[in-house]
Amino acid sequence: MIDNYLNDDAKKYFSTIDTDENRDWVWRFIAILKQRFPKADHWVTGGVKFTYTDIRIGKKTPNLASGSPVMYFRLSGSSPLFSIHEMIRQTLEDSNIKFEVARPEIQRTDEQINAWLDQYEQAILSVKQKHLEGHGYNPIAYKLPDDGNEEVIEAQLQVKKLSQIDSISPLNQILYGPPGTGKTYSTIDESLRILDLQFYKENISNREVLKRRFDEFVTSGQIRFTTFHQSFSYEDFVEGLRAINNDDKQLEYVVEPGIFKQVCDDARTQNIASDIGTKKNPNIWKISINGTGESATKSYCIEHGEARIGWGQTGDLKINGKDSEYFKGVGTSNQGTLEYFSDEIEDGDIILCIQSAQNIGAIGVVVGDYLYEEHVPSEVRSTYQHVRKVNWLYRDLDLSVLPLNSNKQFTLKTVYSITRFSWGDLLAYLEQSGIKPSNSAQKTVGTEPRVLVIDEINRGNISRIFGELITLIEPSKRAGAEEALSVTLPYSKKPFSVPSNVYLIGTMNTADRSLAGLDIALRRRFTFKEMPPKPEELEGVDVEGINIASLLRTMNERIEVLLDRDHCLGHAYFMPLKHAEKKNLIQLKSIFSQQILPLLKEYFFEDWERIAWVLNDQNKSDDNHKFILKASSNLDELFGNKVTSSLQNIDQRWYLNQQAFDDINSYRLILGANQ
């Protein structure tokens with residue numbers, strides 16, 4: 001990654017820093033800057049003209065010797081520091097804001113680095129925002145010849161940006177840009193970078209292979225996909241009540257997890273089965289081993305990895321125990337307990353051994369089939385001959401089950417299935433309670449990443465959908481972090497936190513809603529990655545002599561003048577031409593008539609005159625080449641000559657000229673300003 005960022009002068013800078021810790025600090029700071037200000041250029045000053053070397057961040061045209069720095073790293077002795085431009089510092093001082101530089105001994109963690117940047121970002125943007133809107137060039141894009149004059153090496157521009165392959169993926173990111181710029185398309189790349197980086201690097205140029213690998217992750221549940229819309233709600237995203245018909249055919253309301261809670265529960269539980277023996281979506285069973293409180297039998301079972309129950313006089317339940325007279329005489333409730341223990345409990349299920357009527361004493365996972373022992377150990381009650389092997393994950397607990405179990409205690413039945421909470425709910429509760437697993441089961445929470453792709457994230461009501469979880473998705477508030485937070489969910493009344501291995505990737509169409517109008521809480525917690533139109537993707541695509549890249553670039557420049565950059569046309573609309581064996585007018589006509597013109601109508605609210613300007617119709621001398629023509633019916637005949645003069649200025653009747661779509665010159669003349 002460093003080789004994709006640094007040139008020789010920047011490497012000299014890194015080599016003078018005194019410790020590996022400080023070098024790591026600089027590199028993490030640079031990665032955070034790249035996430036916050038992806039369009040900013042990074043370059044190095046140094047060489048024969050300077051007594052120090054620093055890395056500057058701002059805007060720098062490659063073929064100019066100087067740039068417009070906004071921030072910079074500089075050496076203080078052999079220790080690095082990070083500062084902001086003198087003009088911004090002066091603005092802060094004028095506003096009575098005390099400015100401090102960032103140093104590794106003070107801002108050691110990523111959270112502290114982000115907090116420092118939060119403190120000054122508004123001042124930076126208000127004073128020098130334009131100076132951060134470069135091309136994302138890195139020091140490797142520049143070199144310093146012996147005479148000290150900077151020049152860019154064209155071949156190095158291919159590696160001008162911070163390596164997207166090796167950089168750390170943010171937990172929460174949004175890909176934003178105009179329609180047709182490949183935002184949803186790019187979610188495949190972003191997901192694979194998170195889930196299988198090595199595979200992605202090895203197959204980065206093979207889209208078919210990448211898509212197949214992406215589909216495998218979708219099938220396995222590691223990637224899930226949803227789309228926000230105006231009716232999407234908290235109940236769809238986190239949890240809500242659903243009406244069902246129960247076994248008695250009565251209407252019943254149950255709490256059903258939404259897609260985000262499902263992803264979080266999976267992230268906690270699904271990839272640890274091979275480590276601790278749980279199955280996917282394990283059932284949870286209550287068991288009382290020799291009643292409540294402490295006992296020699298219970299202590300022996302916990303110490304030796306077992307769960308036992310009594311009524312051993314039945315004999316082996318797998319052979320003929322259920323036919324014995326003793327079994328028939330124990331009562332239906334105890335018969336149910338014995339059948340649960342021998343037949344219903346499966347390998348990979350979770351067992352809660354109770355300490356009292358409302359407290360859990362130990363939690364384990366079943367790792368063996370039912371056994372019947374004729375002779376029991378001396379420490380165990382003689383009738384406790386029914387045995388299951390258990391890996392006890394948590395021991396010596398005294399944890400109330402009430403917050404998980406709808407405020408209800410355990411019942412007297414020795415063994416039964418618990419349905420009011422899931423394994424994921426239980427793990428979240430343990431995390432919230434600060435309970436760690438036993439030494440023999442250190443890994444009880446999943447670490448394998450899970451990805452939730454949220455398409456059109458800006459179309460939903462963010463406050464309504466995320467609710468209180470908007471705070472919990474912050475990296476510093478995730479489960480396991482120093483500042484971890486959890487909440488009690490409103491419907492299930494269960495504790496909930498967001499695991500650190502859940503990644504959110506959103507897409508946002510800026511033509512629907514600009515970043516400025518986006519929920520501030522969402523903006524603070526997501527990293528934004530711009531997906532602009534890329535006409536260069538269409539270089540070499542010609543239709544009867546028309547350079548499609550130039551065509552797209554020209555139309556977008558006009559749209560930026562008439563509207564803004566958020567309403568440009570994406571290159572994806574023209575990609576079918578790139579992949580077509582024979583590029584012809586029929587394909588170009590289809591793209592313009594079915595996609596480009598309808599989109600322009602939406603952009604300009606059917607202001608046909610401005611749409612015509614985008615297509616350069618005003619400069620076309622032949623009406624046959626104009627896509628949009630003004631209606632020319634005789635107003636005198638329609639209204640009489642007494643009102644004609646008044647109507648001339650308000651007549652806004654336009655229509656599409658279908659003939660123009662069939663003439664290649666109509667498209668060719670879009671490029672010329674004075675044809």
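**Entry 1: the whole chain.** I began with contacts (heavy atoms within 4.5 Å). In the protein, 67% of the contacts with a separation of 6 or more are between residues 24 or more positions apart. I note that this is a predicted model, where local features need pLDDT of at least 70 and side-chain atom pairs count only at pLDDT 80 or more, while totals for chains, interfaces and linings use all residues. Residues are numbered from 1 along each chain as its sequence is written, and side-chain values use heavy atoms, with hydrogens and water left out.

I then looked up the secondary structure, taken as DSSP runs numbered from the N terminus, with helices (H or I) of at least four residues and strands (E) of at least two. The protein has 25 helices and 27 strands. Of its 675 residues, 50% are buried; buried means under 20% relative accessible area, exposed over 50%, and partly exposed in between, with a 1.4 Å probe and protein chains only. The accessible surface is about 32100 Å², and carbon and sulfur atoms hold 47% of that. Such areas come from the Shrake-Rupley method with a 1.4 Å probe, and for residues only the protein chains shown count as cover.

**Entry 2: confidence.** I checked pLDDT, the predictor's confidence in each residue from 0 to 100. Its mean over the protein is 84, and 85% of the residues reach 70 or more. Where is confidence lowest, and where is it highest? Strand E6 (residues 151-152) is lowest with a mean of 40, and strand E11 (residues 284-287) is highest at 97. Over residues 144-165 pLDDT stays under 50, and there the model has 54 contacts beyond four places in sequence.

**Entry 3: cysteines.** I searched the whole structure for disulfides and found zero, counting a pair of cysteine sulfur atoms within 2.5 Å as one. Cysteine 301 is in no disulfide, and its nearest cysteine sulfur, on cysteine 353, is 8.0 Å away. Cysteine 353 is likewise in no disulfide, with the sulfur of cysteine 301 nearest at 8.0 Å. Cysteine 301 is buried at 0% relative accessible area, and cysteine 353 is buried at 2%.

**Entry 4: leucine 317.** I found leucine 317 in the loop between strand E12 (306-309) and helix H12 (325-328). Is leucine 317 buried or exposed? It is buried, with a relative accessible area of 5%. Leaving out residues up to four places away in sequence, leucine 317 touches Lys322, Phe327, Leu338, Ser342, Tyr370 and His386. Serine 342 is 25 residues from leucine 317 along the chain, yet their C-alpha atoms are 6.8 Å apart.

**Entry 5: a nonpolar patch.** I looked at the surface next. Leu241, Leu251, Tyr253, Val255 and Tyr491 form a nonpolar patch there, with about 490 Å² of accessible area together. Strand E10 (residues 251-257) gives the most to this patch, with three residues. Tyrosine 491 sits in the loop between strand E20 (487-488) and strand E21 (495-496), and at 31% relative accessibility it counts as partly exposed.

**Entry 6: positive phi.** Aspartate 396 has a positive phi of about 55°, and its place is the loop between strand E16 (386-394) and strand E17 (399-400). Aspartate 396 is exposed, at 78% relative accessible area. Glutamate 544 has a positive phi of about 50° and lies in the loop between strand E24 (542-543) and strand E25 (546-547). Glutamate 544 is partly exposed, at 46%.

Conventions: Patch = residues over 30% accessible without salt bridge, like charges linked within 9 Å, V, L, I, M, F, W, Y side chains within 5 Å. Salt bridge = Lys/Arg side-chain N within 4 Å of Asp/Glu carboxyl O.
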